[in-house]
Amino acid sequence: MLRRFLGSVSDAAEPIVDLMRPYIEGLENLPADGRFLLVANHTQSFVEVPLILHYVRRGIGRRVRPLAERGIGEMGGPMADVVAAVGAVVGSPENAQELMQSNDTILVFPGGGRELAKFKGEENTINWLGRAGFAREAIIGGYPIVPVTLVGGDDMYQHLFTRDSMLGRLSMTISEKITGRPNMPIPLMRGVGPTLIPRPQRMYLRFGAPITTARPADVSDETWIATVKETTQEALETSFADLLKVRAADPYRALNPLAWPRAARPVDMSDGARG
């Protein structure tokens, strides 16, 4: 029942999402059968999750199953019901393969919580620390990978210190003592003025062209896993650079209603011109 309710909320939210005029590219790249793995970047605002789920549902009518960190996937109480209703499961190899056998559309964030916790100068970056598990599972399951990039979520807050500064190191020490995890610091940041109210920002979301995971006969398994991982990361990094350029030139990037007529729009592939 909660799943149906959340689906109806997503449908009803379309006018509100459209009012914020997110910049969306590449919905035509989504395989219509829904059998693909979305590999995306995290932002500190977490806004990429509902946006990706919303636009895949809107574009091809498919429900996306996120692979979550174990801590999120094993939540109890009411939050466990919400996580289950959204369709998220613990991001284990076994769960990934089970979803692929059911031909589900899957979403994974290789950077995990590390990409949520960013310091000054780390905005709009990828931090996978060499993780390639998503590539391995996509190859085993015969799933193409669709890289997904979001720019804007990291700009809703302003980071005050770098990771290597005295306060940055202090934040990491305190966070490790609280959470027991050295890679999940609590950065010091602000939103509107000195508050934690997020600054209004336009979102820029791109679904890239599918990346094949079918291994050539003359390539070893480990070499192919590394190749797929690197190809996916390069696609995301290229998309980052492109979307940052679009954002920098967009007068609507701070959601200024007066700039609506000049808001950047996706490239019209028929003539190569930007509207």
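## A guided tour of the predicted model

The model is predicted, so local features need pLDDT of at least 70 and side-chain atom pairs count only at pLDDT 80 or more, while totals for chains, interfaces and linings use all residues. Residues are numbered from 1 along each chain as its sequence is written, and side-chain values use heavy atoms, with hydrogens and water left out.

Next, colour the chain by secondary structure. The protein chain has 9 helices and 11 strands (DSSP runs numbered from the N terminus: helices are H or I with at least four residues, strands are E with at least two). Of its 275 residues, 44% are buried (buried is under 20% relative accessible area, exposed over 50%, partly exposed in between, with a 1.4 Å probe and protein chains only). Among contacts with a separation of 6 or more, 78% are between residues 24 or more positions apart (contact means heavy atoms within 4.5 Å).

Now turn to the aromatic rings, where the structure holds 3 aromatic pairs (rings of Phe, Tyr and Trp, the last by its six-membered ring, with centres within 6.5 Å; planes under 30 degrees apart are stacked, over 60 edge-to-face, the rest tilted). Select Trp 128 and Phe 134: their ring centres are 5.1 Å apart and their planes stand at 70 degrees, so this pair is edge-to-face. Trp 128 is buried at 3% relative accessible area, and Phe 134 is buried at 7%.

Then select Tyr 252 and Trp 260, another of the pairs. Their ring centres lie 6.3 Å apart with planes at 70 degrees, so the pair is edge-to-face. Tyr 252 is buried, with a relative accessible area of 2%, whereas Trp 260 is partly exposed at 26%.

Finally, select Asp 250 in the loop between helix H9 (221–248) and strand E10 (267–268). Asp 250 is buried, with 0% relative accessible area. Show the side chain of Arg 202, which a polar contact of 2.5 Å joins to that of Asp 250 (a pair of N or O atoms within 3.5 Å; within protein, one must be able to donate a hydrogen and the other to accept it, and residues adjacent in sequence count only if both atoms are side-chain atoms). Beyond its neighbours within four places in sequence, Asp 250 is in contact with Arg 202, Tyr 204, Arg 262, Ala 263 and Ala 264.
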